[in-house]
Amino acid sequence: MKTIDEINEKIRSGKAVVVTAEEMIEITKEKGTKKASEYVDVVTTGTFGPMCSSGMFLNVGHSKPRIKIGGGRCTLNDVPAYCGLAAVDIYIGATAMPDDDPRNMVYPGAFKYGGGHVIEEFISGRDIKLVATAYGTDCYPKKKIETYINKYNVNEAYLFNPRNSYQNYNVAVNLTNRIIYTYMGIVKPNLHSANYCSAGQLSPLLKDPKYRTIGIGTKIFLGGGVGFVTWNGTQHNPNVPRSPDGIPRAGAGTLATIGDAKQMDPSFLKGASFIGYGATMFVGLGIPIPVIDEEMAYFTSRSDEDYWAQVVDYGNDYPNRNPVSLCEVNYAQLKSGKINVNGTEVPTFPISSYSKAREIAELLKDWIISGRFLLTNPVAPLPGVGSEIKMNALEVRDIENP
Amino acid sequence: MKKRIIIRFKKNMIDKPIVYRLAKDFNLIFNILRANVLPKADSIMVVELEGSDEDYQRGIEYLVQTGCDIEPIEQDIKRDEAKCVHCGVCTSVCAPSALYLNRDTMKVEFDYERCVACELCVRVCPVKALNVYFDY
């Protein structure tokens, strides 16, 4: 049993043993979980995938005379930002689109430029065109503004992502006879492709399946900079089917995250366009997991064969919210390039980048070894297995006869 | 040998049956993968040519003498290595598997020899790392 404070002391004195989740698998195969738990102090993880529930808060500073963008309207590079806040606080979400984008009017839409692209450009240090209109008040008389902002002249700029780093995810197939364009990419008709989206054995929340060390306040790698877990993410659902050892076999926990956008790196935060679906953003995220005891050595050393996901039909079942799983497959099968779905061999394709996930885990490991990144004790736990949480669906009521 | 090339030719050449000549005079097996032939603008054709080394060389010489520009296919389909995040989305639409995942590095590799210039990857790449420079 080690405490996080003890591990931090070892990091400070340069004696901590820090390994990536891939290395941990090999170490534990050789030493067993007991010895591995004594030898290894920290296991680093990583993931790099499209995460729609991401965005950035900005305080753009006050113009002369002042303008109250709050309650008005504003765009960044023609992409609408939310301004129902104080005078010059705005929020740009990853999936926001310019008003004149044709979207899916010409199907499948290209969604070439959206909020995620604005955030990537901002982080790269480029000028972003801010246009805002306001109603004007005695204290904020200006009614229109057109100018450029960038990361050097705004006040705060921080990512606040309501849902990142899904603990496991569906595998998408298509049982209809037409091609479908989804957030899981293009899924070919008649079960001709299966798309998956998880780093599997490198994925942060899969390595701490019971949220024993990851909690509110945990310091993380976010978009190439340092961030924190602020809350459980939206749709956080610890109560999904789990393996006997506690590893979730479907999309379960999620994280809400925060971090200073000005110190982030565009190679770990990239605007993305999903044909026929929309604009979004690739987010790179990594979490160090302290190996406080043998159980954490066990969890951090599970490999792709131990992580199972549900195969779901995105042609009919998913859009109609039918909770049907066609079968279960593990990430070793998914990464091999083909899976077997009830007797049919189906080629598999990833949506998230495993090589980037690996890069993040390596980078985080270097940060910790060099002493520039210390571990944190969570200030409060995430809702765990057996908590009251259940997923609510939206039951649509008749407006006339509620 | 078997090779995929891009043939560009001027608008004043569309009355010349160059593909017929390649087959008849130089014994080359041709497979037109893509063509955009316009009467009032420059034209382009993506062709796979197969034959003996000698026939292939003579065929190419003929094309050049006739006034065609010959380019290797990789000159016109490019991946921006700085932009690519190796997510793998392109591999799902690439029928000839020119774009494929290296299972060791889990990076997307691009085998230009197998590319048929269908451009599907260009449309689906989420970060627009794949580009085609055919100017029609």
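Below are my notes on pockets first, then cavities.

I'm working with a predicted model, where local features need pLDDT of at least 70, side-chain atom pairs count only at pLDDT 80 or more, and totals for chains, interfaces and linings use all residues. Residues are numbered from 1 along each chain as its sequence is written, chains are lettered from A and ligands numbered from 1 in the order in which they are written, and side-chain values use heavy atoms, with hydrogens and water left out.

**Terms.** I used a 1 Å grid over the protein atoms alone: a cavity is a set of points where a 1.4 Å probe fits but cannot get out, and a pocket is an open set with protein on both sides within 12 Å along at least five of seven lines. Lining residues have an atom within 4 Å of a point. Points are joined across faces, edges and corners, and a volume is the space filled by probe spheres set on them.

**Largest pocket.** I got a volume of about 1500 Å³. The lining takes in 44 residues, with A:Y166, A:Y169, A:N170, A:Q235 and A:Y318 closest to the centre. In chain A, strand 3 (47-50), strand 10 (157-164) and strand 22 (308-313) each give two or more residues, and strand 3 gives the most, 4 residues. Strands are DSSP runs of E, at least two residues, and helices are runs of H or I, at least four, numbered from the N terminus. By class I noted 22 nonpolar, 19 polar and 3 charged. Here Ala, Val, Leu, Ile, Met, Phe, Trp, Tyr, Cys and Pro count as nonpolar, Asp, Glu, Lys and Arg as charged, and the others, Gly among them, as polar.

**Second largest pocket.** Which residues lie nearest its centre? I found A:H117, A:E120, A:K270, B:K83 and B:V127, out of 16 lining residues. The space is about 280 Å³. Helix 3 of chain A supplies the largest share of the lining, 3 residues. The classes split into 5 nonpolar, 4 polar and 7 charged.

**Cavities.** My search of the whole structure turned up 7 of 30 Å³ or more. The largest holds about 100 Å³, and B:C94, B:C115, B:C118, B:E119 and B:C121 are the closest to its centre. Its lining divides into 15 nonpolar, no polar and 1 charged. The second largest cavity comes to about 80 Å³, with B:C84, B:H86, B:C87, B:C90 and B:C125 nearest the centre among 14 lining residues.
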